[in-house]
Amino acid sequence: MFGKTSLALLRSLTREFRYVTSDRKLLNRPLMRLILSEYRSNQVTPAQYCRGPDEMVWVADTYLQYLRSQRICRELTDKHQRREKTVQETADMIGFKLPSAPTNDREN
């Protein structure tokens, strides 16, 4: 399984994990150990063949796209998610003036 594309996928996966975790030693993370063991167990040797020639590459690429999409979604949500604007802020933003509240200053 260690063709040029699968090695590039493994590097991309580790790059995405570095965005997610603050721990710099990725080998201490159980998920990274699982991925490395899957890569090692699916190497094609003369005596052993994978289920499909590109199946693990497809699974790794799918997981990479999932991680990347989650990171981008989180970044966009953090950037654009704000509190809801008040009526006064909305009116000021588009150039309207709200009517003032009536006061009871009548002298009898």
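Me: A salt bridge is a side-chain nitrogen of Lys or Arg within 4 Å of a carboxyl oxygen of Asp or Glu. By this rule, how many salt bridges does the count come to here?

Reply: The count comes to three salt bridges. Keep in mind that this is a predicted model.

Me: Take arginine 68. With which residue does arginine 68 form a salt bridge?

Reply: Its partner is glutamate 16, and the closest N and O atoms of the two are 3.5 Å apart. Arginine 68 lies in helix α3 and glutamate 16 in helix α1, so this pair ties together parts that are 52 residues apart in sequence.

Me: How should I read the accessibility of these two, buried or partly exposed?

Reply: Check each value against the cut-off: buried means under 20% relative accessible area. Arginine 68 has 26% and is partly exposed. Glutamate 16 has 4% and is therefore buried.

Me: Which residue does arginine 71 meet in helix α1?

Reply: Arginine 71 also forms a salt bridge with glutamate 16, with the closest N and O atoms 3.0 Å apart. Arginine 71 belongs to helix α3 and glutamate 16 to helix α1, so the parts tied together are 55 residues apart in sequence. Both arginine 71 and glutamate 16 are buried.

Me: Where does glutamate 75 come in, and which side chain does glutamate 75 meet?

Reply: The side chain of glutamate 75 meets that of arginine 71 in a salt bridge, at 3.4 Å from N to O. These two are four residues apart in helix α3, which means a separation of about one helical turn. Glutamate 75 is partly exposed at 44% relative accessibility, while arginine 71, at 15%, counts as buried.

Me: Which residues do the shared partners join into one network?

Reply: Glu16, Arg68, Arg71 and Glu75 are joined by salt bridges that share partners.

Me: Now a charge and a ring. Over the face of which residue does arginine 71 lie?

Reply: Arginine 71 lies over the face of tyrosine 19, at 4.4 Å from the ring centre.

Me: On to pairs of rings. How many aromatic pairs does the structure hold?

Reply: There are two aromatic pairs. One of them is formed by phenylalanine 17 and tyrosine 63, with 6.4 Å from centre to centre and 50° between the planes, and this pair is tilted. Phenylalanine 17 sits in helix α1 (residues 4-20) and tyrosine 63 in helix α3 (residues 55-80), so the pair ties together parts that are 46 residues apart in sequence.

Me: Is phenylalanine 17 buried or exposed?

Reply: Phenylalanine 17 is buried, with a relative accessible area of 9%. Tyrosine 63 counts as partly exposed, at 29% relative accessibility.

Me: With which tyrosine does tyrosine 63 form a stacked pair?

Reply: Tyrosine 63 pairs with tyrosine 66, at 6.3 Å centre to centre and 25° between the planes. To read that angle, note the cut-off: planes under 30 degrees apart count as stacked. Both tyrosines lie in helix α3, three residues apart, about one turn of the helix. Tyrosine 66 is partly exposed, with 48% relative accessible area.

Me: Which residues do the ring pairs link into a cluster?

Reply: The cluster is made up of Phe17, Tyr63 and Tyr66.

Note on methods
Residues are numbered from 1 along each chain as its sequence is written. This is a predicted model: local features need pLDDT of at least 70, side-chain atom pairs count only at pLDDT 80 or more; totals for chains, interfaces and linings use all residues. Side-chain values use heavy atoms; hydrogens and water are left out. Rings of Phe, Tyr and Trp (its six-membered ring) pair if their centres lie within 6.5 Å; planes under 30 degrees apart count as stacked, over 60 as edge-to-face and the rest as tilted. Buried means under 20% relative accessible area, exposed over 50%, partly exposed in between (1.4 Å probe, protein chains only). A charge sits over a ring if NZ of Lys or CZ of Arg is within 6 Å of the ring centre and within 35 degrees of the ring normal.
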